[in-house]
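Biologist: Could you walk me through this model, one feature at a time? I'd like the general idea, then the case at hand.

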There are 2 protein chains.
Amino acid sequence: MPLSANWQHLLIESPATVKLMLSRLQPIDVAEILATLNDDQLRPVLQEVSVKELALLCEEWDVDTAWRVLSLLPQEWISAIIRHMASDDRADLLGAMPETTRETVLEALAADASHIRELLAYAAESSGGLMATEFLSVRPEWTSEQALAVVRRGAQEAETAYYVYVTDQEQKLLGVLSLRELVLATPSTKVKDIMRLEPITVHENAHQEVVADLFRRYHLFALPVVNDHNVLLGIVTADDVLDVVDEEATEDMQKMSWMTPTEVPYLETSVVTLAKQRLPWLLVLMLSATFTGKIIQRFEYLLSHLVALTIFIPMLMDNAGNAGSQSATLIIRGLALGEIRQNDWLRIMSNELRVSLIVGSALAVVNFLRVLLVEKTGTPIAIVVSLALLATVILAKLVGSTLPLFAKLINVDPAIMAGPLITTVVDALSLMIYFSLARALL
Amino acid sequence: MPLSANWQHLLIESPATVKLMLSRLQPIDVAEILATLNDDQLRPVLQEVSVKELALLCEEWDVDTAWRVLSLLPQEWISAIIRHMASDDRADLLGAMPETTRETVLEALAADASHIRELLAYAAESSGGLMATEFLSVRPEWTSEQALAVVRRGAQEAETAYYVYVTDQEQKLLGVLSLRELVLATPSTKVKDIMRLEPITVHENAHQEVVADLFRRYHLFALPVVNDHNVLLGIVTADDVLDVVDEEATEDMQKMSWMTPTEVPYLETSVVTLAKQRLPWLLVLMLSATFTGKIIQRFEYLLSHLVALTIFIPMLMDNAGNAGSQSATLIIRGLALGEIRQNDWLRIMSNELRVSLIVGSALAVVNFLRVLLVEKTGTPIAIVVSLALLATVILAKLVGSTLPLFAKLINVDPAIMAGPLITTVVDALSLMIYFSLARALL
């Protein structure tokens, strides 16, 4: 980052440089450079920035940084800046403030306060928590010329001016018009004659995954959020959904590695939180190893006569886990993206059975040669290990693909079913088969 | 899907119902219902649909279905439909056609053919492969009234009419204007006086991950694609980027489960392809188990005297794999989203060391009690197993977090370094420690 280091140096020498930066760089770029300054370096720079520009910067900073910067400013500035922020970012920032400060700010914002409180009440992962309330609305009986005048007046404030929503007096959503349709229409045309009816909407309490699915399916740029009575409350735009999609994928990956999911970036998470996120599932896993322990104990007499059998336990365990999690990953991701449905289970089982026969046989043959040539433990053991490997792969793939589907059926998150849980189940089954084969054939 | 079943029934009874469907439902919904009909049911329905509507439907179907439908139609229809499709979807569809058919279609499209060929030449995962070439461009010396006239004429065709690009005679990109800025400007204002300079652009050969990163960082709705000479070639829109983000996350998840990544949805992938995707890495893993095998062979005399040690091998192996992949998942995802950078490695190592001390100690204590109370193999073995578990967790977390960072350093995909590779490395280390401790203490 030599560029950023240069700017940083210039800002410390001459705080007014920030004006040049704001005119030449994107807000996120300026925000990142300012975040590298300490409080004493930041104070003179902030003197040069307008309330509106500070509001834009606050929309880019994470809430901790935004709060650090704001606390360097007088109270009346804080309220003014927060008033200028987009409603969705504002609610996030207020939500992260100490409660006493929040109340002071809300009092200063008297007029908007009740409105802001409503937004604060939404669950963070609901469409209400995602939406911005700055949208353009027009009435069906207006002409396109009147509607365009509303766009001209309101476009600066609105989150997107590319869609204009048609509502009745009670703010119930009747239709939608794109700005291009409005520009194309003759000035005297009535809004109701050109609006599109029954626009796709989402309920205020819908989970953000539902929002992402609607954007995926219908290639949307903006999605109106309504309540039970179809009253238009706000809109979610495509740029917010990109964050949702990232978050949901991260959450699934974390669950698949048996972690309690968190949205906070790794470097901003405390060590204790990281440990708490990981410990519970490792404990469950460790305790569930009691099963594999019991199985080995049952076959102890066999192992004491044939210590060579032990050599292949790690290989079987690893293959069980990995073959299973390959299948599980494909099914979990397919379910998350809506490419796989519940009633595809028969097709999936038949697929996985055939795949595991191909993959398992290939592995078994190579393994047979490896044991004969490298481990040199003799042909009978090579046969037992290879057969056990084939059985393990088949079991692992069937369990790995079935558990996520079963989770979906009983309304548990399929991602929870992946990795370690499958490992535990397949480990136990695989050891049983291995030792039983050994007892029968050796 | 009772709704879809109803429509299907109606379509078979009366093919003209498709007209009603097209006026009431979204293209994707109609496309899905039509895809459930067999060829004989589909033919009369297609008679009712216009070329333009068929082009919209083809943009929604996957390429195989689109190709199945098109092959029911006369050759001259196919060319007309393809002419009406958006350029990005068209290139995908042509790319999937048999080469002879593609040539026939391209001949029929004579005028557009060279243009289409150019798009076909881009790598599928490049910004050139993503972009649509229908955009609106104006000249800097035009008035906003003239520019708006271009929008009115071109808006139907353009992928997004919300941004108008300002180019010189050689199509070099000079600036950008949003439709709302154009609508707000007085009619006589010159484009060059209101356009935003130096818009964010992406190079035609940039990887789609770069495109996604730009959309994430700058909250974009559309991104212009340029060549080495800053000539504007096309635009990528936010809805396409949503697909990219999904694809990239899927790819990372598949790599983390040691699969060769594929974009094709699970249910559309053949069994042989699924097997090919999974076999290579399982083979590598199985062969790498030679190391763990050798370690166990070295300690065979110890195991023959103390068979009880075998009981805990699966538990140690599973914990090694899972503790390691927890760390790896967090680091790989952090790197993919740009939240973690190369030079954070010292902080990450210190984090992971402290986390693993907390998590490892807790696991060791619980494990000690479990071995004493459940397995009943005696205090000395309980101590050895618990110490080995602590060491395994620490090693797994250090290796799990370091390998992805190291991969990034040597320009290998960090996702490849996860899961099974970490398992293999940590398995070997963990067994060495376990047996060495046992030899020393028992």
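**Reading the model**

Modeller: Let's start where the chains meet: 94 residues of chain A are in contact with 95 residues of chain B, contact being C-beta atoms, placed from the backbone, within 7 Å. This is a predicted model, where local features need pLDDT of at least 70, side-chain atom pairs count only at pLDDT 80 or more, and totals for chains, interfaces and linings use all residues. Residues are numbered from 1 along each chain as its sequence is written, while chains are lettered from A and ligands numbered from 1 in the order in which they are written.

Biologist: Which helix gives the most to the side of chain A that touches chain B?

Modeller: Helices here are DSSP runs of H or I with at least four residues, strands are runs of E with at least two, and both are numbered from the N terminus. Helix H17 of chain A, residues 271-298, gives the most to that side, with 16 residues. By class, the side of chain A has 56 nonpolar, 21 polar and 17 charged residues. Ala, Val, Leu, Ile, Met, Phe, Trp, Tyr, Cys and Pro count as nonpolar, Asp, Glu, Lys and Arg as charged, and the others, Gly among them, as polar.

Biologist: What rotation superposes chain A on chain B?

Modeller: The superposition is by least squares on the C-alpha atoms of residues with pLDDT of at least 70 in both copies. The rotation is 180°, with 0.1 Å of shift along its axis and an RMSD of 0.3 Å. The two copies are therefore related as by a two-fold rotation axis. Both copies use the same surface, as 100% of the contact residues of chain A recur in chain B.

Biologist: Now the core. Which residues have the most contacts inside the largest nonpolar core?

Modeller: First, the term: a residue is buried if 20 or more other C-beta atoms lie within 10 Å of its own, exposed if 12 or fewer, and partly exposed in between, with C-beta atoms placed from the backbone. A nonpolar core is a set of buried Ala, Val, Leu, Ile, Met, Phe, Trp, Tyr and Cys residues joined through C-beta atoms within 7 Å. The largest one has 208 residues, and Val164(A), Val241(A), Val164(B) and Val241(B) have the most contacts inside it. Helix H21 of chain A, residues 379-409, gives the most to this core, with 16 residues. Leaving out residues up to four places away in sequence, Val164(A) touches several residues, including Leu136(A), Val151(A) and Leu182(A).

Biologist: And the sheet in chain B: in what order do strands E5, E6 and E7 come?

Modeller: Strands pair if DSSP finds at least two bridges between them. The order is E5-E6-E7 in an open sheet of mixed pairing. E5(B) and E6(B), residues 222-226, are parallel over 2 bridges, with Val202(B) bridged to Val225(B). E6(B) and E7(B) run antiparallel over 5 bridges, and there Val226(B) stands opposite Leu232(B). In their hairpin, with 5 residues between the strands, Asn230(B) takes a positive phi near 60°. As for cover, 6 of the 6 residues of E7(B) are buried.

Biologist: Where does Asn411(A) lie, and is Asn411(A) buried or exposed?

Modeller: Asn411(A) sits in the loop between H21 and helix H22 (420-441) of chain A. Asn411(A) counts as exposed because 6 C-beta neighbours lie inside 10 Å. Its phi is positive, about 65°, although Asn411(A) is not a glycine. In chain B, Asn411(B) also has a positive phi, near 65°.

Methods
Contact = placed C-beta atoms within 7 Å.
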